[in-house]
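User: I am new to this structure and would like to understand its salt bridges. Please take me through some of them.

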Amino acid sequence: MTEPAFDVQLSLVAEAAGMGKIYRRGAEEIHALREISVAFAPGEFTCVLGPSGAGKTTLLNLLGVMDVPTSGALRVAGTTIADAGRVRLAEGGRDRLRRENIGFIFTEFFLLPTLTAVENVQLPLLWAEKDDHSYAVELLERVGLGHRLTHRPTEMSGGEMQRVAIARALINRPRLLLADEPTGNVDTKTRDGIFDLFRELNADGLTIVLATHDGELAARIDRVIHLREGRIVEGA
Amino acid sequence: MATPILEAIDVWRSYQRGSETIHALAGMHLTVQPGEMVGIVGRSGSGKTTFLNQVGCLDTPTKGTISICGTDVTAMLEKELVAFRRDHIGFIFQLFYLIPTLTAVENVELPMTFAREGNRRERALEALARVGLSEVRALPHQLNGGDMQRVAIARALVRKPRLLLADEPTGRLEHGSRVAIMDIFRSLRAEGMGIIIVTHDPTLAEETDRIIELRDGRVVDERKVA
Ligand SMILES: Nc1ncnc2c1ncn2[C@@H]1O[C@H](COP(=O)(O)OP(=O)(O)OP(=O)(O)O)[C@@H](O)[C@H]1O
Ligand SMILES: Nc1ncnc2c1ncn2[C@@H]1O[C@H](COP(=O)(O)OP(=O)(O)OP(=O)(O)O)[C@@H](O)[C@H]1O
Ligand SMILES: [Mg+2]
Ligand SMILES: [Mg+2]
């Protein structure tokens, strides 16, 4: 057996070793990721750069425990998700791990139109019994929307909606913030504002992995991992 | 006769754009009885979404009255409106607005968390069974469009609203899923729910009891479906 094993570095936020993902569609096999080995240390801001179909979303979904690898090993927030190509954490455990440790931001904002900004930010706290209204307010102030607390998404611009989505992704005090093409839906000025916000959050110690095909955005991030056809071709 | 689920009388919604006033709604009338399914059609910009927003208490009319189950909502304060909306109205949109990091059943639990209600898991599972979704632990990205809309419908139903508002609910779905979604609407109607469906799809409109056509913010045609 030459299965990849972990270096024991419990302090890493996420670590993949020889990780692969095959999607099966009928008889067809799509190798979305091949033998990815990469680690993310606390406080790092990493960009995953690659063209469409390179496997960026697949990688973020695995790091965010939204999906499981089909080969290799993956550890997130100190917990083994998969090892030697076998899933080691059951579905319920994965749901909990994701809820407690991961913040996720997407191109689309996924804000509920019937809820105010504060309510949207509180959504992921479903299971928490304590009322985190004041923390939701604090986060909205943090992302520059203190004046928009009770507004609904239809009353906001795209950039404002994405800020609400960012505040929502932070409500569980995540150890890892994943952003999949977060500025794909906004103009360049808004993009720059959102990027500055990521920068500030990172300066406060938040670990961020941002996927994009925007080379201009990637050029502003210290660590860039180039992904192509499911492989890291540079930067691991 | 039973109290209508909805009674909208001479509803106006005007917007100021620079020096120009746009009347998105200009004297809109509509009554919906329990167990009635109404289709609203009309070209883009005719005021369909604006109307649903007024009825759904997401926006306040410039003029006119809207009564839901006999209560005049145009006279309510914002705080009361929020509670009233949660108790009486379910919304379904073209985009499903599911939270991608939450499982299907967790997404359905959402509306109950704000009302701080008990038995959330059990009731969410019940609502999902109702719309025929068995993959209750799946994440949205693992579901097809039709199943995502089922989750969204279950979420709209879970607190048993009297009025269901659907804005282009099948706009993004293929034929098979559309048929399934219409079957769900029909069974809800049979239970006495009032349903308003905004659609561009003529075949979907033909499945309702009554079709209302809007133009420039008012009803220009109304007919019963045979
Ligand atoms: N659920 C799925 N089932 C089958 N194949 C999939 C699935 N998700 C992704 N793929 C395939 O896996 C490969 C990688 O896709 P992925 O979405 O990770 O790329 P990406 O880099 O995020 O692309 P984009 O920039 O277009 O978002 C592609 O060939 C894609 O078609
Ligand atoms: N917040 C707003 N501010 C200014 N004008 C608005 C606003 N919302 C809607 N309108 C205007 O009101 C009119 C009706 O819009 P509405 O969205 O209700 O149309 P619709 O029938 O739903 O169209 P579609 O089929 O494209 O969804 C349009 O002229 C629109 O530009
Ligand atoms: Mg992608
Ligand atoms: Mg509309």
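User: In which helix of chain A do Arg98(A) and Asp95(A) both lie?
Analyst: This is a predicted model. The side chains of Arg98(A) and Asp95(A) meet in a salt bridge, at 2.7 Å from N to O. The two residues are three apart, about one turn of the helix, and the element that holds both is helix 2 (residues 91-101) of chain A.

User: How many residues apart in sequence are the parts that Lys21(A) and Asp67(A) tie together?
Analyst: Lys21(A) and Asp67(A) form a salt bridge, with their closest N and O atoms 3.2 Å apart. Lys21(A) belongs to strand 1 (residues 14-25) of chain A, while Asp67(A) is in the loop between helix 1 (56-63) and strand 4 (71-76), so the parts joined by this pair are separated in sequence by 46 residues.

User: Is Glu109(B) buried or exposed?
Analyst: Glu109(B) forms a salt bridge with Arg121(B), the closest N and O atoms being 2.5 Å apart. Buried means under 20% relative accessible area. Glu109(B) has a value of 4%, so this residue is buried.

User: How many salt bridges does a search of the whole structure find over all chains?
Analyst: Some residues are linked in a network of salt bridges, among them Arg191(A), Asp192(A) and Asp214(A). Glu216(A) and Arg220(A) also belong to that network. Over all chains, the search finds a total of 31 salt bridges.

Methods: Residues are numbered from 1 along each chain as its sequence is written. Chains are lettered from A and ligands numbered from 1 in the order in which they are written. This is a predicted model: local features need pLDDT of at least 70, side-chain atom pairs count only at pLDDT 80 or more; totals for chains, interfaces and linings use all residues. Side-chain values use heavy atoms; hydrogens and water are left out. A salt bridge is a side-chain nitrogen of Lys or Arg within 4 Å of a carboxyl oxygen of Asp or Glu. Helices (H or I, at least four residues) and strands (E, at least two) are DSSP runs, numbered from the N terminus. Buried means under 20% relative accessible area, exposed over 50%, partly exposed in between (1.4 Å probe, protein chains only).
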